[in-house]
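Dear colleague,

Please find below the structure that I am handing over to you.

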Amino acid sequence: MKLYYAIGACSLADRIALAEAGIPCEFERVDLHTRTTETGADYAAINPKGYVPALVLDSGEMITENIAILSWIAEQSPKLRPEGPLGWFRLLEALAYISTEVHKSFHTFFVPDVTEEAKEKARALASLRLEYLAASLSETYLLGPELTVADPYLFVIMTWARPNGVVLPATLAAYFERMKARPAVAAALASEGLEV
């Protein structure tokens with residue numbers, strides 16, 4: 001398999017989840033500005049959406065979008081999804097909220113030539129979304145005492161908070177440190193040359 005990624009992008013969540021699952025994978029960096037891969041391939045020809053992540057399976061089939069890729073990883077490694085009759089749906093619920101609300105609230109910070117007023121609105125929205133998660137975090141991880149594929153996704157988005165002036169609630173700041181201490185997370189950060 002091969003994961004197409006960009007340094008520090010949300011594709012880092014997939015890299016972490018793959019490591020947590022013990023699923024071997026190759027990684028190919030994508031320059032999102034030039035839309036070329038580190039081997040010189042035209043990324044638009046690989047993934048017409050033009051952004052990461054994209055996971056190419058051994059069969060040659062490709063999965064895009066974090067919700068889909070992380071769900072596929074959880075399907076391969078059931079230890080990375082919550083147990084119980086509603087466990088799968090709680091996971092999808094968390095992934096959807098992280099993707100459509102939390103991730104989206106940081107979009108403004110990655111758009112060139114954005115006004116400070118727009119950034120302030122984005123900070124307020126990101127803080128509101130993160131406060132909801134902080135209030136609902138009652139155990140070690142987002143969906144209980146065990147890590148699920150939702151946790152790497154939330155962790156990666158939280159790496160964007162401090163550089164963009166978004167203050168993490170105390171509960172999430174402690175959660176961030178727990179995540180950062182996991183060997184798979186530390187290895188993934190190091191592989192992309194990131195310090196958080």
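This is a predicted model: local features need pLDDT of at least 70, side-chain atom pairs count only at pLDDT 80 or more; totals for chains, interfaces and linings use all residues.

Residues are numbered from 1 along each chain as its sequence is written, and side-chain values use heavy atoms, with hydrogens and water left out.

The protein chain contains eight helices and five strands; helices (H or I, at least four residues) and strands (E, at least two) are DSSP runs, numbered from the N terminus. Their order along the sequence is β-α-β-β-α-β-β-α-α-α-α-α-α. The radius of gyration, taken over C-alpha atoms, is 16 Å, close to the 16 Å of the globule rule (2.2 Å times the number of residues to the power 0.38) for 196 residues, so the chain is as compact as a globular protein of that length. Of these 196 residues, 46% are buried, meaning under 20% relative accessible area with a 1.4 Å probe, protein chains only.

Helix α4 covers residues 87–105 and has 19 residues. From first C-alpha to last it reaches 26 Å, close to the expected 27 Å, which is 1.5 Å times one less than its number of residues. Among the buried residues of α4 are Leu91, Leu95, Ile98 and Val102. The cover over the buried residues of α4 includes α3 (66–76), α5 (116–136) and α6 (150–159).

How values were computed:
Buried means under 20% relative accessible area, exposed over 50%, partly exposed in between (1.4 Å probe, protein chains only). Contact means heavy atoms within 4.5 Å.
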